[in-house]
Amino acid sequence: MDSTLAEVIRDRIRSAGRITFREWMGLALYHPTLGYYSRADLKRWGRAGDYRTSPESSALFATTFAHYFVELYGRMARPAELKIIEFGAGNGQFADGVLQTLQSSYPAIFEVTKYLIVDVSSDATARATDLLEPFADRVGFVNLDQLEETNAGIIFSNELLDSFPVHRVRKIS
């Protein structure tokens, strides 16, 4: 029998007692099968989805950052490999825009770029994998503990902080 998220949360409270707002939010967002970011049946991104982020609104967002990443690459003295590490890549639209821009406008930099994505949502990773298939030789999906030290890299995140489970803080006067 399939459980609902509400049943999972109620069972958790019955078995272990009260939970914090952060624990509740973590389950609501990231439960492996029922959490908002884990459900494959939801359309989260784009016009038909629950929300739109800058990469879905305009290709200009990713293109602008790609040009900036090229500038940063120059400031790093043009290393033999450039790692771009994106945390919380969602459906991969930003990565796709950056890689398309590098490929078309900066092919030499594109050739040395490795784009790594760190995302806890298996559904988002599956969607990004599909979208980024043309760049499969340049894109890797890793967990945070799999990241290796690098001397030349750019770490990027767009709208990630609003997806973290947080503690509720109250000021009592």
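Let's start inside: β3 (139-142) is part of what covers the buried residues of α7. Keep in mind that this is a predicted model. Helix α7 spans residues 122-131, and its buried residues are Asp123, Ala124, Thr125 and Ala128.

One of these carries a charge that has a partner. Aspartate 123 forms a salt bridge with arginine 127, with 2.9 Å from N to O. Both residues sit in helix α7, four residues apart, which is about one turn of the helix.

Now zoom out. The protein chain has seven helices and four strands, and along the sequence they run α-α-α-α-β-α-α-β-α-β-β. Of its 173 residues, 39% count as buried. If you take the contacts between residues at least 6 apart in sequence, 70% of them join residues at least 24 apart.

The salt bridges come to five in the count. One of them links glutamate 111 to arginine 138, with the closest N and O atoms 3.0 Å apart. Glutamate 111 is in helix α6 (residues 107-111) and arginine 138 is in the loop between α7 and β3, so this pair links distant parts of the chain, 27 residues apart. Glutamate 111 is exposed at 51% relative accessibility, whereas arginine 138 is buried at 11%.

Another joins glutamate 23 and arginine 12, whose closest N and O atoms are 2.8 Å apart. Glutamate 23 belongs to helix α2 (residues 21-30) and arginine 12 to helix α1 (residues 5-16), so the bridge ties together parts that are eleven residues apart in sequence. Here glutamate 23 is partly exposed at 32%, and arginine 12 is partly exposed at 27%.

What does the side chain of asparagine 91 reach? It reaches the backbone nitrogen of glutamine 93, at 3.1 Å. Asparagine 91 lies in the loop between β1 (82-87) and α5 (93-105), and at 14% relative accessibility asparagine 91 counts as buried.

The chain exposes about 10,600 Å², with carbon and sulfur atoms supplying 53% of that. A nonpolar surface patch of about 490 Å² is built from Phe21, Trp24, Leu161, Phe164 and Val166. Phenylalanine 164 comes from the segment after β4 (153-157), and its 37% relative accessibility makes phenylalanine 164 partly exposed.

Terms used
Residues numbered from 1 in each chain as written. Predicted model: local features only at pLDDT ≥ 70, side-chain atom pairs only at ≥ 80, totals over all residues. Heavy atoms only, no water. Patch = residues over 30% accessible without salt bridge, like charges linked within 9 Å, V, L, I, M, F, W, Y side chains within 5 Å. Areas by Shrake-Rupley, 256 points an atom, 1.4 Å probe, with all protein chains shown as cover. Salt bridge = Lys/Arg side-chain N within 4 Å of Asp/Glu carboxyl O. Helix = DSSP H or I, 4+ residues; strand = E, 2+ residues; numbered from the N terminus. Buried < 20%, exposed > 50% of the residue type's maximum accessible area, 1.4 Å probe, protein only. Contact = heavy atoms within 4.5 Å. Polar contact = N/O pair within 3.5 Å; in protein donor to acceptor, adjacent residues only side chain to side chain.
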